[in-house]
Amino acid sequence: MVNNISARPDREITRAIHRLFIRATLIDKWNLLACFGCRIPALVLYNVLIPVQIAYGVQAIFTRHFDQVGHHVVVILLLAIAYAVLWGIGGYTISHNGAVGSSFIQRTIFGNFLQKDYEFYSNSYFGALGSQAVQLRSVYSDYCLIFMLGGPTQAVIIIAGIIVVGAHSWPLALVTLLAMAAVLAFTVTMSRWRLRLRRELSEASSDLAGAVGDALSHGPTVKSFASEAYEEEHLEKPLSHWARIQYRTWVSSVPADDGRMILAAIAVCILLLMTAHMYKQGTISIAIVTLVQLYVVRMITATQAIADLIKQYENAMGAAYQSMKTMLIPQTVVDPAEPLHLPKGALHVNFENVVYRYSDAGKGQQAVANFSLDITPGEKIGLVGYSGSGKTTLTKLLLRFMDTSGGNISIGGVDVRDLPQHELREYIAYVPQEPLLFHRSIAENIAYGRPGASAKQMREAAKLAYVDEFVDVLPKKYDTLVGERGVKLSGGQRQRVAIARAILKDAPILVLDEATSALDSRSEKYIQEALWRLMKDRTALVVAHRLSTIQRMDRIIVMDKGRVVQVGTHQELLRSKSGIYATLWAHQSGGYMGVPTTEA
């Protein structure tokens, strides 16, 4: 993952998880208050008043006051009904609060991931990101159960137990309190050790999900190379790493559980002996013996339940760890604090001494070196050169997918770094070298260029991009689903859909990065005509390996190793027979062994 997120302290990540979950919980404040307003009294009824009535009912039986038993039974039933009503209302309110909070969590992490930089997506497993994007919402549900149900329940049991037992015998209350403290201290100590394992498990699970998703998302490639066995073998490393950590995590629970059980058993035995001795001495009645035993058992059980809650907390924090770690990756391309806006009217595009290096330290490979170019409004510029000469990098810098290492790029006299990214990209229609489509209908993919466009406008753009030529033969026409990343369409069909999307966007600046590379000759002829209609009265920057695409450009910029080495029209560049452009043209026109032709 990018940006060295492992440098963030674990405590910072844990605090960030708590802050997010608390924000989600407090969105629906009234239902939260209603929940605690109902459930706390319900817990008092169930854990204080009902046990007291049971204890005195038992005493009435032992003392043969049978006429009082019926009274206690009626009171217990009424208290139980009141408990059920209050608990039920609390359940409805907390369910609504949880749904609202879960929706907030999902929107937050989804929006956070969408705002990440271009480089983030280039260095991430999409399968892992998808898993993380839903994992946090699931963890929030567990978080609510721990802190809004389990925690308050056990707290009321323990507080009520200490008060009731202490009112009748402070030695019993003191021993009970010390026993619970010992069990909880042991549990917390063990949980710190186990939480580190849970975090490691979260990272290993994310890596495993990424490896699985990467292989499955490239299923056709795996099949075409008959590499099923290779992919299974490739999975073994992340799978074995996950299995080792998962085993250590499971095994770590054995001493934790055994230790708690032994401490709890010792506490119960001590309290039982103390109660028996006090009853023998006549210092407490049978009702108090019954009441104390009820509460001792409840409190020890509550202590064990708290230990289980801590274990659930470990699981939740471990599961949320990698998602939050990803959310905390800082953006390197950010909007300015006081943004400027593009002026109205025609817009110059200017590259001034642009430098870009792949290394953040500024000492890495230089992809673009002192590139300068002024594009007048409406001018059509072609970019050509050998692979790796920096052409695509320039288009990404113009779109501000990344920032320059030196120099600047401006549109309409405004540095692109001074513009909101959203506004900058609204002014540019972009067709990438490898257009990827959503697993949605063809119509939805085209309409993505302008979501408010009518069906008629969408079909007109599709017709201009020659999409209707293959859509007409499909059973569902424009409602046909294209598959994940457009896998159901050919490369040329995907490019036509992407071009239609750019046509529909109707932006003043057009950036095409190998937009016709996957088209056959017949389709390319139609697409080129469509693109020229699209480029009319627009500024265009066209990257091309196929030189037939750019013959009619106003200027052609030839690049090599990130630098401009030739500038001119098609005819002008062909006259320099020793130049890169003439060499490329000779290769593409079939003259591999001969002299480059000067024919257009």
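This is a predicted model: local features need pLDDT of at least 70, side-chain atom pairs count only at pLDDT 80 or more; totals for chains, interfaces and linings use all residues.
Trainee: Let's begin with the helices. At what angle do α2 and α3 pack, and how far apart are their axes?

Mentor: Start with the axes of the two elements. Helix α2 (residues 29-62) and helix α3 (residues 66-114) pack at about 160°, and their axes lie 8 Å apart. Angles over 145 degrees count as roughly antiparallel, so α2 is roughly antiparallel to α3. The crossing of α2 past α3 is left-handed.

Trainee: Which classes of residue make up the contact of α2 with α3?

Mentor: That contact has 27 nonpolar residues, ten polar ones and one charged.

Trainee: And how is α1 oriented against α3, oblique or roughly antiparallel?

Mentor: Apply the angle again. Helix α1 (residues 10-26) meets α3 at about 135°, with an axis separation of 8 Å. The two helices are therefore oblique to each other. Their crossing is right-handed. On the α1 side, the contact uses Leu-20, Phe-21, Arg-23, Ala-24 and Thr-25, while α3 contributes Asn-97, Gly-101, Phe-104, Ile-105 and Thr-108. Sorted by class, the contact of α1 with α3 comprises five nonpolar, four polar and one charged residues.

Trainee: Now the sheet. In what order do its four strands run?

Mentor: The general idea first: strands of a sheet pair through backbone hydrogen bonds, either parallel or antiparallel. Here the order is β2-β1-β4-β5 in an open sheet, and the pairing is antiparallel. The edges are β2 (366-375) and β5 (414-415); each has a single partner strand, so one side of each is left without a neighbour in the sheet.

Trainee: How many bridges join β1 and β4?

Mentor: Five bridges connect strand β1 (residues 349-357) with strand β4 (residues 406-411), in the antiparallel sense.

Trainee: Last topic: how many salt bridges does the structure hold?

Mentor: In general, side chains of opposite charge can pair when their charged atoms come close. This structure holds five salt bridges. One of them joins the side chains of Arg-555 and Glu-379, at 2.7 Å from N to O.

Trainee: Where do Arg-555 and Glu-379 sit in the chain?

Mentor: Arg-555 is in strand β9 (residues 555-560), and Glu-379 is in the loop between β2 and β3 (380-385). The pair links distant parts of the chain, 176 residues apart.

How values were computed:
Residues are numbered from 1 along each chain as its sequence is written. Side-chain values use heavy atoms; hydrogens and water are left out. Axes are lines fitted to C-alpha atoms, for helices over the stretch in contact, and angles run from 0 to 180 degrees between N-to-C directions. Angles under 35 degrees count as roughly parallel, over 145 as roughly antiparallel, 65 to 115 as roughly perpendicular and the rest as oblique. A crossing is left-handed if the near helix is turned anticlockwise from the far one by less than a right angle, and right-handed if clockwise. Ala, Val, Leu, Ile, Met, Phe, Trp, Tyr, Cys and Pro count as nonpolar, Asp, Glu, Lys and Arg as charged, and the others, Gly among them, as polar. Two strands pair if DSSP finds at least two bridges between them. A salt bridge is a side-chain nitrogen of Lys or Arg within 4 Å of a carboxyl oxygen of Asp or Glu. Contact means heavy atoms within 4.5 Å.
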